[in-house]
Amino acid sequence: MATHEPRLDMTSSIVNHILVVEDDPDTAFFIKTLLEEHHYHVTLAKDGGQAHSSFSMHKPDFVILDLIMPQESGFEICEHMKQREGDVPILILTAIDLPESRKLAARVGANGYLLKPFDPDELLELIREIADDAWEEGHLTDHREQQEERIQFSCGCGKKLKVRSKHRGRTMTCPACNDALIVPLHD
């Protein structure tokens, strides 16, 4: 039985509620039980629809996401979540061990990538590491560095755009013409 007592390590202020998006019931139950034993509050989603609803209604502190999902891929789910709340860390947990998959996961904003089957201790450590990195990125960057991180580029329609450099390689919609465009990887 899970308790919802505050966690005692530094991650306690960062991660309390984890959304697990996993369509395999046995894997989902195992992850939920493991995380609850370590005092995390866990919500399960078995597909993209449930994931988006839970993400919107109960903004989690962390997301664990499978790639192979019914109807909508984990890549698509990750990209949508990152567009809505870019500061929520997302860990991809999958059986797909391909360099292209890892690259695409990074492009859509995933903060980490772990292969199934996984070591439970490795999963817990990775959650702490990713959460700590996300917290530091969001809280320890001074204002001048944030200003310097912006890049400028133009859409084909002539609209000049300015975005943070961390969005390089991501897809966005031009606010002027509504065309999809990819933020340049290089200046």
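Guide: Let's start with P117, which sits in the loop between β5 (112–115) and α5 (120–139); helices (H or I, at least four residues) and strands (E, at least two) are DSSP runs, numbered from the N terminus. This is a predicted model, in which local features need pLDDT of at least 70, side-chain atom pairs count only at pLDDT 80 or more, and totals for chains, interfaces and linings use all residues. Residues are numbered from 1 along each chain as its sequence is written, and side-chain values use heavy atoms, with hydrogens and water left out.

Most peptide bonds are trans, and most residues other than glycine have a negative phi.

That brings us to H39, a non-glycine residue whose phi is positive, near 70 degrees. You will find H39 in the loop between α1 (25–37) and β2 (41–45). H39 counts as partly exposed because its relative accessibility is 33% (buried is under 20% relative accessible area, exposed over 50%, partly exposed in between, with a 1.4 Å probe and protein chains only).

Our last stop is Q71, in the loop between β3 (62–65) and α3. Q71 also has a positive phi, near 75 degrees, and is likewise not a glycine. With a relative accessible area of 81%, Q71 is exposed.
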